[in-house]
Amino acid sequence: MRLVWIAAPLALLLGLGVQPAFAVCNISDAKLEEAVLKSPELRNPENRYLVRDLRTLRDAAFLLWSYGLQDDCERLLANIRQLVAAPSMAKLGGNDEDLADEQVAAEEPQRHEGGKVQGNRGAPGARPLINIDDLGPGLRVDEIVGSEVRGSDDKIVGEVRNVVIGTKDRWDYALIASGGFFIAGKDSIVVPLRYMQVDEERHSFYLRISSADVKAVPLMPDQEYLWLADEAWRAKNDAIFQKLIPDPGSARRRGSNLH
């Protein structure tokens, strides 16, 4: 997906007859992947976010290059080299959490994909919703992450911020930032994917409870996903959705934990 995302603005430039220079800013000079391969710090599983951030900066450098902003591209490459060469990247930067939250909030979308608090499910000709388990072809992760979520009353609930798949008991989950757009892990609820629906265009996802009832769903208790190992918490959470569409097979497997 990253290649598609990066190629889009470049293709637009070429379509407009704009020819970006190709020789000034050489992104490969940053040797980021070589650094990832050789650096014990970057290879540490606990520091995967550092690698992700560095690759995001490299992608930004590519965009600057594609728009012909060679000097800015070079400056960003210099920043990447500086971060890679730092004794400990994880200790760089400030520790002002309030300021960090403010900075993160600045990159949040300011409007929902649908653009309206109340949806148009009641409009003439509206097609029925599709159960996630009945989709064909199946759902790609990029089709759900970032999408708006609505309640059974067709009112905005929030946004899908992440998807958890492959749990040992074969339950997959959507993490939904409820009540609007929030930092992932804050004011997020955990919804079993099997109990969600989607419109035919796969633009909006729907819960089987109203937007008011969402307030009764417990918030995700941590950002490290430790709730996955907390069977009691998961059972209570899942039961809120499970009672709407009983799943006999699942009930037998986990019935003892639902009380």
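Start by selecting Cys25: at 4% relative accessibility, Cys25 counts as buried (buried means under 20% relative accessible area, exposed over 50%, partly exposed in between, with a 1.4 Å probe and protein chains only). Before going on, note that this is a predicted model, where local features need pLDDT of at least 70, side-chain atom pairs count only at pLDDT 80 or more, and totals for chains, interfaces and linings use all residues. Residues are numbered from 1 along each chain as its sequence is written, and side-chain values use heavy atoms, with hydrogens and water left out.

A disulfide joins Cys25 to Cys73, S to S 2.0 Å (the criterion is a pair of cysteine sulfur atoms within 2.5 Å). Cys25 lies in the loop between helix 1 (2–15) and helix 2 (32–38) and Cys73 in helix 5 (residues 70–85), so the pair ties together parts that are 48 residues apart in sequence. Helices here are DSSP runs of H or I with at least four residues, strands are runs of E with at least two, and both are numbered from the N terminus. The S-S torsion of Cys25 and Cys73 is about -65°, so the disulfide is left-handed.

Next, select residues 48–66, which make up helix 4. Its buried residues include Leu50, Leu54, Arg58 and Trp65. Just after helix 4, click Gly68 for a positive phi of about 80°.

For the last stop, which residues do ring pairs link into a cluster? Select Trp171, Tyr173, Tyr195, Tyr225, Trp227 and Trp233. Rings of Phe, Tyr and Trp (its six-membered ring) pair if their centres lie within 6.5 Å; planes under 30 degrees apart count as stacked, over 60 as edge-to-face and the rest as tilted. The whole structure has 6 aromatic pairs. Among them, Tyr225 and Trp227 form a tilted one, 6.0 Å centre to centre with 45° between the planes. Trp227 is buried at 1% relative accessibility, while Tyr225 is partly exposed at 24%.

Notes. The expected span of a helix is 1.5 Å times one less than its number of residues.
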